[in-house]
Amino acid sequence: MKITNVSLTVVGIPRHTGFVSKHVIVELLTDEGVTGIGEMSDFSHLPHYSLDIKDLTTVLKSILVGRNPFDLSLINKELLGNFPETMYYYEKGNFVRNGVDAALHDLCAKALGISVADLIGGRIQEKIKVCYPIFRHRFMEEVEEKPGGRPQTLSAGLRRVPALCR
């Protein structure tokens, strides 16, 4: 199996504060008709650090097209060489590498007809805890006194909400 194309799609996810977080959906297509999907986290909170999607697509195609998606370590090594860690808080390379890595793992698992959990050695628990973020508020007035009591967090099954750090 070989990767034949890379598609990046920017999506806007509105937050309850009105801010729209922009994420990038990564699709890796293959010659066998299997598509792997990943996601690059929010790039929109700092416009000066936004990505040029056309340029990024071109670079990722040059790295990925023609490759066997099961060559995970080799591909990740090349991604790290092209998008190195800078140890900077707003580093884009980490988002790019993680989005592609998730798509590669999704693609490999689908090709084998198994879950990603089974691909990486099996589940160790049936449920995982998730976080409901309260960051990206523009004003302190937007932060409720008891965010853990918000109806939408409780109805979603979330029981813990992190404290606001400033």
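## A pair of strands

How many bridges join strand E2 to E3, and how do the two strands run? In this predicted model, there are six bridges between E2 (residues 20-30) and E3, and the strands run antiparallel.

Follow strand E3 (residues 35-40) along and you'll see its side chains alternate. Gly36, Gly38 and Met40 point to one face and are buried.

## Into the core

Met40 also turns up in the largest nonpolar core, which has 23 residues. Along with Leu8, Leu28, Leu60 and Leu64, Met40 touches the most other core members. Strand E1 (3-14), E2, helix H1 (53-64), helix H2 (72-82) and H3 each give two or more residues to this core. H3 hands over the largest share, with six residues.

So who does methionine 40 touch, leaving out residues up to four places away in sequence? Its contacts include Leu8, Val24, Leu56, Leu60, Phe95 and Val100.

## A patch on the outside

Over on the surface, Phe70, Leu112 and Ile114 form a nonpolar patch. Together they have about 250 Å² of accessible area.

Leucine 112 lies in helix H3 (residues 92-112). Why does leucine 112 count as partly exposed? Because its relative accessibility is 48%, and partly exposed lies between the buried cut-off of under 20% and the exposed one of over 50%.

Definitions and conventions
Residues are numbered from 1 along each chain as its sequence is written. This is a predicted model: local features need pLDDT of at least 70, side-chain atom pairs count only at pLDDT 80 or more; totals for chains, interfaces and linings use all residues. Side-chain values use heavy atoms; hydrogens and water are left out. Patches are made of residues with over 30% relative accessible area and no salt bridge: like charges are joined within 9 Å, nonpolar side chains (Val, Leu, Ile, Met, Phe, Trp, Tyr) within 5 Å. Accessible areas come from the Shrake-Rupley method with a 1.4 Å probe; for residues, only the protein chains shown count as cover. A salt bridge is a side-chain nitrogen of Lys or Arg within 4 Å of a carboxyl oxygen of Asp or Glu. Helices (H or I, at least four residues) and strands (E, at least two) are DSSP runs, numbered from the N terminus. Buried means under 20% relative accessible area, exposed over 50%, partly exposed in between (1.4 Å probe, protein chains only). Two strands pair if DSSP finds at least two bridges between them. A nonpolar core is a set of buried Ala, Val, Leu, Ile, Met, Phe, Trp, Tyr and Cys residues joined through side-chain atoms within 4.5 Å. Contact means heavy atoms within 4.5 Å.
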